[in-house]
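Hello,

Here is the structure I promised to pass on. Please open it and keep it beside you while you read my notes.

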Amino acid sequence: MSDATVPTADTAAPTPTALAPATTATHCPYCALQCGMKLRGGAGTAVEILERPDFPVNRGALCGKGRTAPALLSSRVRLTEPLVRRHATGRLEPATWEEALGAVAAGLRRTRTVHGPDAVGVFGGGGLTNEKAYTLGKFARVVLGTSQIDYNGRFCMSSAAAAHQRAFGLDRGLPFPLEDIARTGCVILVGSNLAETMPPALRYLTELRENGGTLIVIDPRRTRTAEHADLHLAPRPGTDLALALGLLHVAVAEGRTDEEFIRDRTSGWEEARAAAMAHWPELVERITGVGVPRLREAVRMFCDAESAMVLTARGPEQQSKGTDTVSAWINLCLATGRAGRPLSGYGCLTGQGNGQGGREHGQKADQLPGYRKLDDPAARAHVARVWGVEPETLPGPGRSAYELLDALGGDIRSLLLMGSNPVVSAPRAAHVEERLRSLDFLAVADVVLSETAALADVVLPVTQWAEESGTTTNLEGRVLLRRQAVSPPPGVRSDLEVLGGLASLLGHEKGFPSDPEKVFEELRRASAGGPADYSGITYERIAQENGIFWPCPAEGPDAGTAAGEREAAAGALPADLPAGDGGSAPHPGGGDAPHPSGDTSPTPRLRNSSPSVHPGTPRLFLDRFATPDGRARFVAVAHRAAAEETDEDYPVLLTTGRVVSQYQSGAQTRRVDELNAAAPGPFVELHPLLAERIGAVEDEPLAVVSRRGRAVGPARITTAIRSDTVFMPFHWPGEGRVNSVTNPALDPTSRMPEFKVCAVRVERAL
């Protein structure tokens, strides 16, 4: 039932006042599914979560985090007034907004005057709405004039994004809707524990198998997701690249490549083929620990299916060779013709709530809105016109996320941070905490007093999901509208109000509106003609159409075209795939090149749409890829070791991840009683053989020690993990902070740190 109540956590504090008694359709504040939900309540009654079965991504289902999200609205757990650190006491104490904003403006101005604009850093988050991410990037480059801006999404999807760009010329996490997963023939899921990280999406894998498809899960642990697999491969952490190359070798040796597809739609095959053939199965078995018969079985399942997909997540991506690892999986798809065709392709399961949109509109070190490149003169000129500035005033690319954090207290003297908690989430976290403490000035805007906010000179309390409106872009590339359902506490302002207030104090009284819809209208203009073109998307359309897939260019006489009906009639698409799957949008690179779907034919108009409205692009690359010649590009890659391998002093490998009842750094979820009861703290998962060797006992504390630091948690002894590997979740601060241990070694292309593998020793912590 559409109005079925989903239970929520009890809150002790008064419920925020509702704007209106009507039920509000909105989206979950957590992961990249952006599950649909409804909110009802306020005015002295508890805020309820109601099902929203009409939203296609989750069809009403919610995980425990989504069900309990209203607990975060309580004044008991969130910030309600600005805080300023008093020199006399050294403590954060309440302040007025005038004092707090004045202190931030003064701190940033002082640094710029004494040390120059690049001595001011800005650090954003993958949970910020599109409007906030856009405004933060504009604020950094126009008001502060700094190149030193990046965001925590660098720690999530950057390797997959870089590999997407190299192969396809365009980065969108999934080039198809989630619904296609249930209807393909085989899925290889690499390094994703989807059953815990985004539980409502598990139904697509369940339906895949119910429909006769097969599931291959690749993970060093036998996770809840792996329990659903037809085949589980458990490689040694850090060897996913060798595994992908070995599978491609087998496919070539057994004659399973699609030579027609390779000839007609790709380039670079000969070099990639030669690289793969150097990774024969027996060598790959020695590197990964996955037996040759299981390699052959995986290739058989993948290639025997009429259609197939590879989906990756943080496991293969959060490595110092993450970009090459993803490229190897894309090569497997291209060589077997599993890309650019219906119900086939490579996709990345984006993690953060706005991880997709957050990397498209300007808070990344090398980007401008619309996924434009900051060093492209044409892109600079276009965005500068929208912003009303001269192109030469825009700074160039800056440091990546970890490099920016590492420079704090040195080249970077002041930092404005929004929506991130690097004290817990960054690699080599103790070092990052030390760098934050060394700053001349730190200002943090957040909903809660996170571990990072607790170090700040000024803390600004800002609105959250249910208290504001704005757009996000989920892992499918579907642009969605979160709607304000309740009023924030009186002492809280939106991030847009904060940035507008600071801009005014720093001499820019215009150009920074606080109305999110006005910001989105400017974002549309700034993105127009870019790879991530939102110019044809409006708040009204998003509400009417349950979200719109980008690219979606502006309305015009030729906008209403799509590929669905023509290709269904030709037999290329299953007849029941919806129309609107790739239109005559401008090529993402600009100019008159065809759209990456390759389609130029007329299509029936969408329901409630005029012929001039572009329908959006649910499915990319059906006829061409977004490269200049329309061909996907193989990238020749070879296996290399992790940045840090085991030795006599550190003989065990550590890998990290999430648990179902916590989220990211835990700044929000650790404040929800129901979630804490389900996942109260960190733990060390290890195999019985390793436990016996070190004398570990179930539930007794173990220390995991690397060259960088130490983390402690109770032992969980299980045969579901390799005997040479331990696992810790990363949601907690203090002695259980596993990111004190992780390695900040960076991928040379994406600048992704190597969270997923490092050498440790494990010992009893007595």
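D515 caps the N-terminal end of α19, with a side-chain oxygen 2.9 Å from the backbone nitrogen of E517. Helices (H or I, at least four residues) and strands (E, at least two) are DSSP runs, numbered from the N terminus.

Before going on, note that this is a predicted model: local features need pLDDT of at least 70, side-chain atom pairs count only at pLDDT 80 or more, and totals for chains, interfaces and linings use all residues. Residues are numbered from 1 along each chain as its sequence is written, and side-chain values use heavy atoms, with hydrogens and water left out.

Back to α19. How far apart are its end C-alpha atoms? They are 16 Å apart. The expected span is 1.5 Å times one less than the number of residues.

Which residues of α19 are buried? They are P516, V519, F520, E522, L523, R524, A526 and S527. Buried means under 20% relative accessible area, exposed over 50%, and partly exposed in between (1.4 Å probe, protein chains only). These buried residues pack against α3 (130-144), β16 (372-373), α14 (377-387), β20 (470-473), α18 (495-505) and α20 (539-545). Just after α19 comes G529, with a positive phi of about 80 degrees.

**A parallel sheet**

Now look at the open sheet of 5 strands. Its order is β11-β10-β9-β13-β14, and the pairing is parallel. The edge strands, β11 (231-233) and β14 (345-348), each pair on one side only. From one strand to the next, the twist averages 15 degrees. For such angles, axes are lines fitted to C-alpha atoms (for helices over the stretch in contact), and angles run from 0 to 180 degrees between N-to-C directions. Strands of a sheet pair through backbone hydrogen bonds, either parallel or antiparallel.

Two strands pair if DSSP finds at least two bridges between them. Strand β9 (residues 186-190) is joined to strand β10 (residues 214-218) by 5 bridges. V190 stands opposite I218 in β10.

I188 also sits in β9. Is I188 buried or exposed? I188 is buried, at 1% relative accessible area. Leaving aside neighbours within four places in sequence, I188 is in contact (heavy atoms within 4.5 Å) with I216, I218, F302, M309, V310, L311, W329 and L332. A308 is 120 residues from I188 along the chain, yet their C-alpha atoms are separated by 8.1 Å.

**Loops worth a look**

Most residues other than glycine have a negative phi, and most peptide bonds are trans. Here are some exceptions.

- L343 has a positive phi, near 65 degrees. L343 lies in the loop between α13 (322-335) and β14, and is buried at 11% relative accessibility.
- Q664 has a positive phi of about 50 degrees. Q664 is in the loop between β24 (652-657) and α22 (673-678), and is buried at 18%.
- The peptide bond from W550 to P551 is cis, with omega near -5 degrees. P551 is in the loop between β22 (548-549) and α21.

One more loop residue is T627, between α21 (564-570) and β23 (632-633). T627 is buried, with a relative accessible area of 1%. The side chains of T627 and D629 make a polar contact of 3.1 Å. A polar contact is a pair of N or O atoms within 3.5 Å; within protein, one must be able to donate a hydrogen and the other to accept it, and residues adjacent in sequence count only if both atoms are side-chain atoms.

Best wishes
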